Amino acid sequence: MKRIFTLLAVVVCATTLFSCSEEKPVIKEIPVAVQLYSVRGEMESDFYGTLKAVKQMGYDGVEFAGLYGNTPEQVKAWCDELGLTPISAHVPLGDMLADMDKVIADYKTIGCEYIAIPWVDASRHPDGPDFWTTLQDIKDIAKKANEAGIVLLYHNHDFEFKLFHNNGRKHPEPGLDFMYSFLTPEELQAELDLCWVKYAGNDPVSYIEKYAGRVPVLHFKDYYVEGEQAEKPYELIGDEAAEAEATTEVAEETTEVAAPVFEFRPLGSGVQDVAALLAAAEKAECQWIVIEQDQPSMGLTPMESIKQSVEYLKKIQKEN
């Protein structure tokens, strides 16, 4: 009888251990890259040295924002030497339209799997007169990219979340969602920038879940905001001169009013729940996480900022 109870206990323990192992499967750690726009000054002055420092920080890959006069062959050789994966590149839509073949060939030579549209001019926003033209342009670029084995991505800001009425439709939806419903996953994949998703008033975890299977690359970006912003907190969008003039006029007319605060911050130092974003990214089958910080803050240099971010993210990955 004692032997029977012992055997039963062994079976129960083994079953319990097996169940526990099923409930907590081993999750593949998503590799981490950096958008090199974050350290553009350093890239311009010392391209190779910056790549080497990025590798030493613990980054697995890089996403380009220009080659700074270096040839694609040289950039590929440096990445191979350092063990950095060149995953993607941000290329302005105008550059792609001007010479699609060259853009695609250059980044194919480097070894990039993706090319991302980083922003569009104001006329191409969902509420702009050239939005439909933009959708067709994306179709044309995607066709050529696909033929070369490159996936086209779209990197959002906050303006894509403006409601798109589509000639007075009764149920308007955010322009970003309309774009992804109008274009097939074969034509366009998402590179959600989670800073701008949240800044626009949306839950970034919900957006990752919404586009699960269509977000091979995610931009992890943290920030801090206080007060209502009088101007866009990013560069390279719209008519910068006009925006600067309008901001100056507002400032001259306003006295003794607390200035709004917006600053990009290293991961873990701002408003983002990085652990929740990471869990959602894993479930959505994201292939790469890209850390980006447009401007340094908190007394840190750009290089110190991206180092702090990757260390924090790797720590969260190990804990989860």
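Before you start turning things, one convention: a helix crossing is right-handed if the near helix is turned clockwise from the far one by less than a right angle, and left-handed if anticlockwise. Keep in mind, too, that this is a predicted model.

**Stop one: a helix pair.** Select residues 47-57, which form helix H3, and residues 302-319, which form helix H13. Their axes come within 10 Å and cross at roughly 30°. Angles under 35 degrees count as roughly parallel, so H3 and H13 are roughly parallel to each other. Now use that convention: which hand does the crossing of H3 and H13 have? It is right-handed.

Next, show side chains where the two helices touch. On H3, pick Thr50, Ala53, Val54 and Met57. On H13, pick Met303, Ile306, Lys307 and Val310. Colour this H3–H13 contact by residue class and you get six nonpolar residues, one polar and one charged.

**Stop two: the cysteines.** How many disulfides does the model have? The count is zero. A disulfide needs the two sulfur atoms within 2.5 Å. Now click on Cys112, which is in no disulfide either; its nearest cysteine sulfur is that of Cys79, at 7.8 Å.

Are they buried or exposed? Buried means under 20% relative accessible area. Cys79 has 1% relative accessibility, so Cys79 counts as buried. Cys112, with a relative accessible area of 4%, is buried as well.

Definitions and conventions
Residues numbered from 1 in each chain as written. Predicted model: local features only at pLDDT ≥ 70, side-chain atom pairs only at ≥ 80, totals over all residues. Heavy atoms only, no water. Axes fitted to C-alpha atoms, helices over the stretch in contact; angles between N-to-C directions. Helix = DSSP H or I, 4+ residues; strand = E, 2+ residues; numbered from the N terminus. Parallel < 35°, antiparallel > 145°, perpendicular 65-115°, else oblique. Contact = heavy atoms within 4.5 Å. Nonpolar A, V, L, I, M, F, W, Y, C, P; charged D, E, K, R; others polar. Buried < 20%, exposed > 50% of the residue type's maximum accessible area, 1.4 Å probe, protein only.
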